[in-house]
Amino acid sequence: MTQHVLDALPAGTSATPAPARRAGNPLAKLLLTPSVAVLFLWMIVPLAMTLYFSFIRYNLLNPDQTGFVGLDNYKYLLEDPTFWPSIGHTLVLIGSVLAISVIGGTLVAVLFDQPFAGRGIARLLVIAPFFVMPTVSALIWKNMVLHPVYGLWAGIFRHLGLQPIDWLADYPMWSVIVMVAWQWLPFAFLILLTSLQSLDTEQKEAAQLDGAGPVRIFVYITLPHLSRAIAVVIMIETIFLLSIFAEIFTSTAGGPGTETTTLTWLIYSIGLQQFDIGIASAGGVIAVVLANIVSIFLVRMLAKNLKGEYDK
Amino acid sequence: MNDPMKAPIWVGVLGWAVALVIFMPIFIIAITAFKTEQDAYTLSLFFTPTLQSFHEVFERSHYLAFVTNSVIVSFGSTFLSLAIAIPAAYSLAFFPGPRAQKTLLWMLSTKMMPAVGVLIPIYLLAKSAGLLDSVTGLLIIYTLINLPIAVWMAFTYFNEVPKEILEAARIDGASAWQEMLHLLLPTSLPGLASTALLLVILSWNEAFWSLNLSSSNAAPLTVFIASYSNPEGLFWAKLSAASLLAVAPILCLGWIAQKQLVRGMTFGAVK
């Protein structure tokens, strides 16, 4: 094998001595620098600005009023009657989407682990929603599925002789949850199915021979095997879901009232609709803190994984 | 005894039922795109297909301009990310310094910063630099948000190149360039190609920054489609035609890239 590869090299290369290559040589550092430098700037500069703005009075509509205000922006934000509900909405949205996508994704993945006819094509249909751009998916759901007159559900309800429901007006948060979960269940499904397919079948067969039923096999063999992948899905989805924006922008715009106003939407509306940079930045700092709590766990887990990669 | 390779028939029926229910919304826009505006409001499957909506999408809006923006921004940012990421991944995989692990994890942690946490300063910086509603602005942002994924994916692919082969080549005196050109590139090219594919998909569908930083000039398809959300823009057939054109190519790429997506989105934790 090695000889074969060496043959592929141009003749005459063996005469030149190998350059000294040790860890941390200057060339290696040079190659790494651009990535590190731009990411460092990308992370530090805006974060520092957010932090700075959060302590000053800064409104684009009143540029004359400036100056250090200490924690006033935070105080104002925390006393804003929409702030705590927005945290609540964020948690409900993230929690519900996680529950639907992880439980649903696990069940569908187990189903698709069985060899049925046309499985490959059916699988393509299941993962499709993840590749639909968020603004398109929000409009499909708003106009064609949940619309109180022309939507798919309204049609089904009328067919059954029931009064159609105006989902986005009467159950706005659930509507948003369903459209976001529709995009993220396929993601969970895809990750969990990949993980399932790496499960050793011998273990399952041995359990089957010992007389274990499908439920016991699922609880004692499949689920423990999936636990790592489930943890990864939960953490990655949490990070993306914390910044859910396009779906709300396109479907409910935070309403009706403030019923679908999440932390992200609140920061957007304070900062880019009311142009109060100071208060919006205080909200941004809170969002970063929340995200960091999640990411500490994820980074820890990946760190263990990475150790394995280098030890290989 | 049943064939162990075949699942019972009800499993197949259930699997297909689940697949069709999940796919239903996409199916609805796919058929509505070929209806007239009048037919679009009925859910009937029986209609005469027409390309009228597609014609109108092209005639009444600068649809091609939005497509162009999407293409420039997603392919351009993918190219830039890879150009910066590949050397870094090469360095981290083959010349890991004492801080290599920490560097990788730190890069990853930048990806975990919620976009909304830096929305305000990025908006103000873009505004003062004249990069608001500019393709260049979006290109820069997309390059930066995809860079950590690019480094990680390229790193995991480089890491799979058997070290023995490289060592053998080095002992044999291959220079760094020869090593890259004749050993590394051929073995990791499929991996790098799928990295590129994933980056294109992610930036094509990115909607947080595009909605906040672009309006008319630089708007990619995500922003153009969002403009259909106002009440006076309720033209379902046209909305469906425009959406179908925006979604279909990337859906095909996604289907091709599903395995790589798992790896890229989980930073190699699930393969």
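UniProt positions are given here in the numbering used for this model, with feature names shortened, and the annotations may be inferred rather than shown by experiment.

**Entry 1: ground rules.** I noted that this is a predicted model, in which local features need pLDDT of at least 70, side-chain atom pairs count only at pLDDT 80 or more, and totals for chains, interfaces and linings use all residues. Residues are numbered from 1 along each chain as its sequence is written, while chains are lettered from A and ligands numbered from 1 in the order in which they are written.

**Entry 2: confidence.** I looked up the scores and found ipTM 0.87 and pTM 0.85. Chain B has an average pLDDT of 85, and 97% of its residues score at least 70; pLDDT is the predictor's confidence in each residue, from 0 to 100.

**Entry 3: chain B as a whole.** I found 13 helices and 0 strands in chain B. Helices (H or I, at least four residues) and strands (E, at least two) are DSSP runs, numbered from the N terminus. The C-alpha atoms of chain B fill a box of roughly 75 × 75 × 35 Å along the principal axes. Of its 271 residues, 50% count as buried. A residue is buried if 20 or more other C-beta atoms lie within 10 Å of its own, exposed if 12 or fewer, and partly exposed in between, with C-beta atoms placed from the backbone.

**Entry 4: the record.** The unreviewed UniProt entry marks "transmembrane region" on several spans of chain B, including residues 7-34 and 180-204. I checked those two. Residues 7-34 of chain B are 86% helix and 0% strand, with end C-alpha atoms 37 Å apart. Residues 180-204 of chain B are 100% helix and 0% strand, and their end C-alpha atoms lie 30 Å apart.

**Entry 5: one residue.** I picked Ala241(B), which lies in helix α12 (residues 236-256) of chain B. Ala241(B) counts as buried because it has 26 C-beta neighbours inside 10 Å. Which residues does Ala241(B) contact, leaving aside neighbours within four places in sequence? I found Ala33(B), Ser53(B), Phe54(B) and Val57(B); two residues are in contact if their C-beta atoms, placed from the backbone, lie within 7 Å. Ser53(B) is 188 residues from Ala241(B) in sequence, yet their C-alpha atoms are 6.1 Å apart.

**Entry 6: the core.** A nonpolar core is a set of buried Ala, Val, Leu, Ile, Met, Phe, Trp, Tyr and Cys residues joined through C-beta atoms within 7 Å. The largest one here has 170 residues, and Phe189(A) and Ala89(B) are among those that touch the most other members. Helix α7 (residues 135-159) of chain B gives the most to this core, 17 residues. Not counting residues up to four places away in sequence, Ala89(B) touches Val151(B), Ala154(B), Phe155(B) and Phe158(B).

Entry 7: Is helix α10 (residues 201-209) of chain A covered or in the open? The number buried among its 9 residues is 0, so α10(A) lies largely in the open. Gly211(A) follows α10(A) and has a positive phi, near 90°. Helix α13 (residues 263-273) of chain A is mostly covered, with 8 of 11 residues buried; Trp265(A) and Tyr268(A) are among them. After α13(A) comes Phe275(A), whose phi is positive, near 60°.

**Entry 8: where the chains meet.** I found that the contact takes 97 residues from chain A and 99 residues from chain B. On the side of chain A, helix α14 (residues 277-311) gives the largest share, 16 residues.
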